[in-house]
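Hi,

Here is the structure I promised to pass along. Have a look at it first, and my notes on what turned up follow below.

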Amino acid sequence: DRLSVLHRNVRIVIESGATLTIDGIIACTNAENLVIKDGAQLVHNTPGVNATLEKEIEGYGSTNAGWYTISSPIVGNANMSDVENLTTNNYDLYRYDESTSMWQNVKEQTNNFTTLETGRGYLYANENDATLSFIGEVSCESVVYFLSKTENSPLPGFHLIGNPFSHNIYKGEGAILDSVLLGKKLRRLGQGHGLNLFFYFR
């Protein structure tokens with residue numbers, strides 16, 4: 001009924017492909033004591049759980065490939081400077097702006113955003129291999145992300161949405177969104193903790 005990761009010498013690592021489901025209470029105040037590897041999942045309902053969530057990035061080298069969809073799986077907007085290895089080496093980070101139908105590169109001064117918004121998806125690439133580490137409180141409660149629709153734009157209502165949780169998301173039983181609408185409106189781009197990404201046409 002309870003999992004405590006409080007002692008400094010206790011360290012739990014959820015390996016890729018594994019899912020740890022806690023139906024009771026889980027406590028962890030030190031993010032170094034609970035590590036969720038890329039492709040692993042933590043399913044829980046206890047606020048205040050701190051962890052380190054990793055995303056493996058394969059460098060594109062001399063090619064133009066290697067784009068990834070990423071989002072932050074921690075509570076609140078994540079400062080880019082707090083995400084380990086996000087801005088190391090030669091990298092690119094884009095967000096999509098629905099009102100202008102433009103991809104905005106963080107490196108351009110006019111697009112100088114400094115946080116990864118909860119619920120928003122981003123395009124990311126790095127020249128070299130990197131392990132992105134999101135460190136903080138793991139999301140387990142409802143997240144609301146506002147979707148705009150700008151009429152007469154090339155792609156009205158087009159958004160890149162990020163999964164803000166440490167596990168895959170799904171349409172739960174009794175959800176208002178029906179399966180037909182779900183299939184038409186959402187397109188899954190990636191899979192993994194906090195990293196299921198969808199295109200949405202509103």
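I began with the aromatic rings. Counting rings of Phe, Tyr and Trp as paired if their centres lie within 6.5 Å, there are five aromatic pairs. Keep in mind that this is a predicted model.

One of those pairs is Tyr 96 with Phe 158, an edge-to-face arrangement with 4.7 Å centre to centre and 80° between the planes. Tyr 96 sits in strand E10 (residues 91–97) and Phe 158 in strand E15 (residues 158–162), so this pair ties together parts that are 62 residues apart in sequence.

Phe 113 is buried at 6% relative accessibility, and Tyr 122 is buried with a relative accessible area of 0%.

Back to Tyr 96 and Phe 158 for a moment: together with Trp 103 they form one aromatic cluster. There is also a charge over a ring, with Lys 107 lying over the face of Tyr 91 at 4.5 Å from the ring centre.

Now for the nonpolar side. In soluble globular proteins, nonpolar side chains tend to be buried together. Here the largest nonpolar core has 30 residues, and Leu 34, Ile 70, Leu 86, Leu 93, Leu 116, Tyr 124 and Leu 132 are the ones with the most contacts inside it. At least two residues of this core come from each of strands E5 (34–36), E7 (50–57), E8 (68–70), E10, E13 (122–126) and E14 (130–137).

Leaving out residues up to four places away in sequence, Leu 34 touches Ile 12, Ile 14, Ile 26, Cys 28, Leu 42, Val 49, Asn 50, Ala 51 and Thr 52.

Of its 202 residues, 44% are buried. Among contacts with a separation of 6 or more, 63% are between residues 24 or more positions apart. The accessible surface comes to about 10,800 Å², and 48% of that belongs to carbon and sulfur atoms.

Cheers

How values were computed
Residues are numbered from 1 along each chain as its sequence is written. This is a predicted model: local features need pLDDT of at least 70, side-chain atom pairs count only at pLDDT 80 or more; totals for chains, interfaces and linings use all residues. Side-chain values use heavy atoms; hydrogens and water are left out. Rings of Phe, Tyr and Trp (its six-membered ring) pair if their centres lie within 6.5 Å; planes under 30 degrees apart count as stacked, over 60 as edge-to-face and the rest as tilted. Helices (H or I, at least four residues) and strands (E, at least two) are DSSP runs, numbered from the N terminus. Buried means under 20% relative accessible area, exposed over 50%, partly exposed in between (1.4 Å probe, protein chains only). A charge sits over a ring if NZ of Lys or CZ of Arg is within 6 Å of the ring centre and within 35 degrees of the ring normal. A nonpolar core is a set of buried Ala, Val, Leu, Ile, Met, Phe, Trp, Tyr and Cys residues joined through side-chain atoms within 4.5 Å. Contact means heavy atoms within 4.5 Å. Accessible areas come from the Shrake-Rupley method with a 1.4 Å probe; for residues, only the protein chains shown count as cover.
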